[in-house]
Amino acid sequence: MNAMDLLALLPLLLIAATSIVVMLAIALRRSHALAAGLTALGLCAAFASLFVAAPRTPRDVTPLLSIDLSALFYTGLILAGSIAVVFLCYGYFKSEENDHPEELYVLIAIATLGSVTLVSASHFASFFLGLEILSVSLYGLISYERELKISIEAGLKYLVLTAASASFLLFGMALVYFELGTMDFRNISAASAAPSVASGVIAIAVMLILVGIGFKLALVPFHMWTPDVYEGAPAPITAFVATVSKGAMFALLLRYFNQSGARNSSALLLVFSIIAVASMFAGNLLALLQNNVKRILAYSSIAHLGYLIVAFEAGGSMAGFAVAFYLVAYFATMLGAFGVVTVLSTSGNDLGDLASYRGLFWHRPIIASVFTVMLLSLAGIPLTAGFIGKFYVIAAGASVSMWLLVFTLVVTSAIGLFYYLRVLVALYSHAEEPITTSTPLRQGASLPLTWTLGALTGAVIAIGCYPSPILRLIQAMIIGPG
Amino acid sequence: MILAWLIIVLLGAGVLATVAARWSSALTRWISLAATLLDFSLIVFLWIRHAGHVTLGGSSAWLEQVDWIWISEFGIHFHLALDGLSLLLLALTFFLGVVSIVASWTEITESVGFFHLNVLWILAGITGVFLAVDLFLFYFAWELMLVPMYFLIALWGHERRIYAAIKFFLFTQLSGLLMLVAILALYFLHHQSTGTYTFEYGDLINTRLSSTAALWIMLGFFAAFAVKLPLFPFHTWLPDAHTEAPTAGSVILAGLLLKTGAYGMIRFVVPLFPGAAREFAPVAMVLGVIGIIYGAVMAFGQTDMKRLVAYTSVSHLGFVVLGVFSWNELALQGAVMTMLCHGISTGALFILTGAIQERIHTRELGRMSGLWATAPRLSGAGLYFALASLGLPGLGDFIGEFLVLLGTYRTHPVLAIAGSIGVLTATFYALRLVQRAFQGPNTHAWAIPDLLLREGVVIALMAGSLLWLGLNPQPVLRTFSPAMHALETVVQTHR
């Protein structure tokens, strides 16, 4: 490993350093602002270091990590998401209810490190390492409100199911290694072409790996944990689970399936089609039955990952671009939506019940308008990033004539509108109707929260009206899958 | 550039009006009124400026254009263009915009700023629909008008407003998505045959399509427009949405949103897919005729005055479909004429219904009776527009429906005869409306104020323009004919 390698790794190193620095700082002096500030600063520095790393790509740093432009793009996206989550957490945990909010930021930095490892992984070892770094810190984050039963329950549920799915994943990896003798993504394709290879074993292995990936992405039928974890976790952490952890996994999915040549198997594409259709239908239909905003968003995110799979399956250069663009739009929107929940919630007392959102527009017009923008973006209505994203995904599907998936997307997203509208109706229903809630709305939001939400809203609208800069960036950064 | 300003003025005024509502709701109303009046005068200015050129008929029928690159990665342009057809519909748009703002001057008292934001943004979306010649931009504008309309119904509507608003939104959104898929299919097929990615109307119109592909893609467009129009059996959202919407919402829905569907049929469905459209024409025309008769029969059975007027829209728009799919000069002129006159006469009926509801707090015909005794000006206006709706010669609606039937008779005499039954049934529902509401003894002893000056001026303007269209339709037909010839040449060359 030489200096060039280290420079290419700079973002990862800086994130790792951030977690240590924050930990030491907490040992010296307990200060919420200091911990949050240091974390934000460290993550921002890591973001800035992307520009140092970019000219040194593509470069394989050890067989484990391959840093290329597309990995750096997703690293940037993850860092931006994490920074937003740090700000949201600062606003959320600012009140006195939780006495030790500082360690949270160490965990966030570690989880970010795991995610960034995932997007650069080109080897089963780094894949699993990244996944476990991410998962283990997520257990802590999800049940951070340790006095709350619901939070502990969510954490345990996540722990048990993650452990189970990780063992599936490991078994799959072991089978691949057993049959092919390699764990490097790029060698798998060549090795599996050898005549001595039992293709049945490889097929089983790929399915097992898919279980592990599908669990993290919360695709149907591996989605059971999502609503409970989303409901139980503190709102900003839910935002992290919904965006950063899923985005990292999706980037890995793209890289793994393109490099290992698994994408070319028609049986696997069929499995993906079934998963996509099931996710779109289940996510959108089950969301109709919910009365909790966090659960609605959970099912909505299941559906959105289904849409992403449609783009992923389309293949070709357009698919890579569409996925990257959709993830950008999805990150901004989901962070914004959970940001709104965060603003309205107090630590340990999340505002989930749809009834408490009734008439929000009439006493908190700005927050309600932000929420409206986010919901419309999730629904894919023009002037928002979600619209361009949905357009791109449908275009990717239509470009290779996958009509069944495209029509499923169209029909289910029309169904999806129904629950977004339900929330909108609640927001704008007239104030004289009684507000049946025991949860007091938090009055006034702290400055970092306001800024973050403002920036996210601005991003969602700007991308929706003039997506060209982002599109150019993506076309420059993402290497279309072969 | 002036075309972009038409939209910018509306969007900007919408934001300004919302901000102004913090200080005074009167200021909000005046800002909105000024913006729509400004746009109306701009379009009249364009009309006068091009009045001489319109008849020349050059190679391009576009009178004005704006073409900016928007999202170059997909070949998307911000391309607006105006021809005679768009010009007429825009004049109607801004006229009804002014009318609906004046009509809701006292009706809307809650969150006035947000109300006017929605009204102005719907108008901006409609303007975009009538001007866009880039299919992506068209879809963008098409979707843009939905959200504010949804809010308009859901927030300021009547008893069952949430149900009506959601139904409206789901119907239009689902059909709109089908159109998006169709647009994209056309986009990729065009790329396959020519190697360029473009959403430009003028380029896509020359795409060579196999007849099956053309039929399926056409059906995607047709679905969106048929729901908006609304064509039987896709009409079920309409009575609910019209009835529950506030007056301004009903006027804009009936007067303008329905016209975007008809406009889409004329501008896109037939020119883009002439062969498929001709094959499909009998189906569409039969549905149109069913709509004419069904709408009239349903209207006759209603006891809610607003619902009655809503069903008449189904009937009148059936004539438009009949005219469009006959695709000859007379029928098309009739269709456009019907679109304009229906916008005005139905809009006026909704305003009168709104005025009555504001005064007696009911829309039930059974609770009215004998209003003539207490509000003669209002009742007289009601009679006038009911007669316009039934197609009394001398008023605009007659010209439209007559031309449609005449044009249709040349190609499909049976359908024309069936359609003319609709004219007959219109007499029943229109006269029933007048007799129940205005004539007879004033059994409920209503004593209500007559039309105010503000309402009177609006109604008089609408009545006057209907009379003008009915007695002297030539200027309108002259404005439209070069646009129609241009469309006609496109269709002819591709047959």
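What share of the contacts in chain A with a separation of 6 or more comes from residues 24 or more positions apart? Such residues account for 80% of those contacts, where two residues are in contact if their C-beta atoms, placed from the backbone, lie within 7 Å.

Good morning, colleagues. The structure before you is a predicted model, in which local features need pLDDT of at least 70 and side-chain atom pairs count only at pLDDT 80 or more, while totals for chains, interfaces and linings use all residues. Residues are numbered from 1 along each chain as its sequence is written, and chains are lettered from A and ligands numbered from 1 in the order in which they are written.

I begin with chain A as a whole. Chain A holds 20 helices and two strands; helices (H or I, at least four residues) and strands (E, at least two) are DSSP runs, numbered from the N terminus. Its radius of gyration is 21 Å, close to the 23 Å that the globule rule gives for 482 residues, so chain A is as compact as a globular protein of that length. That radius is taken over C-alpha atoms, and the globule rule is 2.2 Å times the number of residues to the power 0.38. The C-alpha trace of chain A spans about 75 × 55 × 40 Å along its principal axes. Of the 482 residues in chain A, 60% are buried. A residue is called buried if 20 or more other C-beta atoms lie within 10 Å of its own, exposed if 12 or fewer, and partly exposed in between, with C-beta atoms placed from the backbone.

Next, the domains. Chain A is assigned domain 1 (1–264) and domain 2 (280–482), with bounds that come from an automatic or database domain assignment. The C-alpha centres of these two domains of chain A lie 22 Å apart. Between them, 43 residues of domain 1 of chain A are in contact with 44 residues of domain 2 of chain A. On the domain 1 side, α4 (69–92), α10 (225–232) and α11 (235–259) of chain A each supply at least two residues. The most comes from α4(A), with twelve residues. By class, this side of domain 1 of chain A has 24 nonpolar, eleven polar and eight charged residues. Here Ala, Val, Leu, Ile, Met, Phe, Trp, Tyr, Cys and Pro count as nonpolar, Asp, Glu, Lys and Arg as charged, and the others, Gly among them, as polar.

One residue deserves a separate word. A:P467 lies in the loop between α19 (447–465) and α20 of chain A. Is A:P467 buried or exposed? With 25 C-beta neighbours inside 10 Å, A:P467 counts as buried. Leaving aside residues up to four places away in sequence, A:P467 touches A:I388 and B:I71. From A:P467 to A:L335 the distance is 19 Å, C-alpha to C-alpha, and the two are 132 residues apart in sequence.

In chain B, strand β1 (residues 64–71) and strand β2 (residues 76–82) run antiparallel and are joined by seven bridges; two strands pair if DSSP finds at least two bridges between them. B:V66 has B:L80 in β2(B) as its bridge partner. β1(B) and β2(B) form a hairpin with four residues between them, and B:G75 in the turn has a positive phi of about 70°.

I close with one helix from each chain. Helix α13 (residues 293–314) of chain A has 22 residues and reaches 32 Å from its first C-alpha to its last, close to the 32 Å expected at 1.5 Å a residue. The expected span is 1.5 Å times one less than the number of residues. In α13(A), 22 of its 22 residues are buried, and just after this helix A:G315 takes a positive phi of about 70°. In chain B, helix α13 (residues 305–326) also has 22 residues, which should span 32 Å, and its end C-alpha atoms are 33 Å apart, which agrees. Because 22 of the 22 residues of α13(B) are buried, this helix is largely enclosed by the rest of the structure. After α13(B) comes B:W327, whose phi is positive, near 45°.
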